[in-house]
There are 2 protein chains.
Amino acid sequence: MKTRPLFGKVTIVGIGLLGGSLGLAIKKRRLAREVWGLARREQSRKKALKFKAVDQATLDLAAAVEGADLIVLATPVGGFTQILGALSLVAPRGCLVTDVGSVKGALVAQWEKASHPLAFVGSHPMAGSEKSGVEEARADLFQGTTCITTPTGRTSKDALKKVESLWRALGCRVIRLAPLGHDKKIGLLSHLPHAAAFSLMRAVGRGMSAGDWRLAGNGLRDTTRISGSDPAMWADIFLANRLEMKKDLEAFQNDLRVLLKCLSKNDRRGLLDFLGRSSRLRQALSRWGASKKRVGP
Amino acid sequence: MKTRPLFGKVTIVGIGLLGGSLGLAIKKRRLAREVWGLARREQSRKKALKFKAVDQATLDLAAAVEGADLIVLATPVGGFTQILGALSLVAPRGCLVTDVGSVKGALVAQWEKASHPLAFVGSHPMAGSEKSGVEEARADLFQGTTCITTPTGRTSKDALKKVESLWRALGCRVIRLAPLGHDKKIGLLSHLPHAAAFSLMRAVGRGMSAGDWRLAGNGLRDTTRISGSDPAMWADIFLANRLEMKKDLEAFQNDLRVLLKCLSKNDRRGLLDFLGRSSRLRQALSRWGASKKRVGP
């Protein structure tokens with residue numbers, strides 16, 4: 001039985017790891033009649049085609065979005081405002097817009113304030129890795145992961161339904177959060193761990209010469225894996241969510257101070273309390289993930 | 001062709017993840033005529049036998065070490081001083097002693113100051129995980145990992161050679177470091193990442209209710225994996241290496257302060273510098289581990 005695809009033309013803006021995986025997944029499951037990709041550089045355009053992440057790839061915004069039913073922003077979050085401004089001028093009326101960005105509050109507020117003619121639904125698929133580029137894209141990247149949508153009272157119910165259908169069709173479990181609630185939770189669950197990993201890698205690296213890395217075990221490797229992520233992408237995310245980040249980093253520094261104090265006072269009982277609580281929290285986290293497939297940033 | 005085993009009787013003090021794996025590995029490769037385990041509680045003694053980690057298990061120190069050629073300390077480092085004191089009274093003359101502990105400076109200095117009649121060689125196999133207990137022990141735990149030995153000018157050359165032969169026979173690459181040099185490097189490469197992971201888990205956990213863990217991706221999971229480690233074991237390690245730990249935690253806090261400052265000043269260029277250096281360091285670490293089997297803490 002042939003079913004009608006969810007969308008006619010889908011346009012993906014930015015064809016990297018996430019955009020490319022989205023293209024591959026939509027194509028594989030025939031969720032759109034055609035998938036277009038908008039690239040910023042000729043080299044990226046060629047790569048997107050070489051890896052068959054999209055049916056058509058172009059550097060021309062107007063051509064990319066002409067006749068599109070859905071536009072997905074998959075560029076670093078730092079460029080969203082500019083792209084959304086351009087889209088509101090050229091995208092067809094009635095076209096849906098969503099994104100895959102890691103920060104939502106300011107973006108959604110800005111969009112709603114500007115009263116764009118396009119229907120926007122914020123999306124954050126919790127997929128990806130420290131890798132980047134369309135060469136790392138995989139059609140099953142979203143399978144078994146969580147995708148957060150961030151509707152507000154002004155979000156079109158129809159648009160929300162269609163965008164969530166897409167994520168579900170790609171194998172995601174969809175969870176709704178308010179835009180600022182999203183930034184608060186994801187600030188702690190994703191942005192703070194990245195900040196910790198980046199900082200830890202620097203602190204460790206300062207005391208090492210090249211050959212010392214052979215002494216590194218899996219503790220260091222796992223704790224710092226995400227510090228191999230793209231610096232420009234993460235600079236943008238940190239800045240876009242900097243109010244939450246500042247609070248979270250200060251809370252983290254407080255915990256480090258408590259630990260230091262236990263060490264200074266040779267306080268074994270205090271240390272046991274400190275480490276015991278962490279260990280119990282980690283076990284709670286493990287219980288949630290135990291039966292899930294391991295994908296997502 | 002039958003070869004003579006490296007040792008007659010080997011006694012493992014403490015039969016948990018490391019001690020148990022050592023017993024399994026020595027037995028499997030027939031590196032000793034017999035392997036004894038010394039447990040502190042009847043329950044541990046029974047479990048060690050149930051999992052066949054040792055040939056004989058006892059709660060009686062004198063019986064455990066009688067006729068031993070090699071004694072391996074595999075208890076948490078906090079108990080080493082007491083055990084070494086007891087061993088010096090009952091262990092047979094000429095018996096070698098080594099350990100699998102994560103901190104070396106104070107231990108080795110103390111041992112040498114006391115002029116024990118036994119030959120001691122410090123060992124630190126970089127194997128293990130956040131798990132613990134003999135039920136997690138594996139005969140191949142040491143295969144492909146690094147084992148650091150920490151000889152000094154007073155270490156017997158013969159003893160060093162024999163202990164290093166054991167680790168090599170178990171599949172380890174052996175690297176020698178001075179005891180304090182070991183604590184400095186391992187403080188950064190292992191103890192600081194543990195401290196960061198334990199602290200991060202607390203900071204994240206404070207903002208979460210139980211259901212929020214479903215939003216967690218692999219970034220958080222990997223960054224905090226080792227915070228599921230045994231609190232008592234790590235309290236002892238942190239305290240035993242607390243002078244290095246304090247320096248390292250302060251350096252880490254400095255990095256976090258630099259990051260916070262970039263966020264406060266909305267300084268994208270500063271952030272790019274900060275994150276770029278981390279990312280390059282992480283790539284250097286990845287290059288060292290790329291072809292190695294992933295085992296070790």
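Which side chains meet in a salt bridge at 3.2 Å, N to O? They belong to Arg202(B) and Asp255(A); a salt bridge here is a side-chain nitrogen of Lys or Arg within 4 Å of a carboxyl oxygen of Asp or Glu. This is a predicted model, where local features need pLDDT of at least 70, side-chain atom pairs count only at pLDDT 80 or more, and totals for chains, interfaces and linings use all residues. Residues are numbered from 1 along each chain as its sequence is written, chains are lettered from A and ligands numbered from 1 in the order written, and side-chain values use heavy atoms, with hydrogens and water left out.

**Where the chains meet**
- Across the interface of chain A and chain B, the rule finds ten salt bridges.
- On contact (heavy atoms within 4.5 Å), 92 residues of chain A pair up with 92 residues of chain B.
- The two chains bury about 8900 Å² between them, 66% of it on carbon and sulfur atoms; that is the accessible area (1.4 Å probe) two parts lose on being put together, summed over both.
- In chain A, Leu189(A), Arg202(A) and Leu215(A) lose the most area to chain B, together 9% of what that side buries.

**Around Phe238(B)**
- Not counting residues up to four places away in sequence, Phe238(B) touches residues including Leu259(A), Leu263(A), His191(B) and Met245(B).

**Confidence**
- Chain A averages a pLDDT (the predictor's confidence in each residue, from 0 to 100) of 93, and 96% of the residues score at least 70.
- Over residues 290-297 of chain A, pLDDT stays under 50.
- The model's ipTM is 0.91 and its pTM is 0.91.
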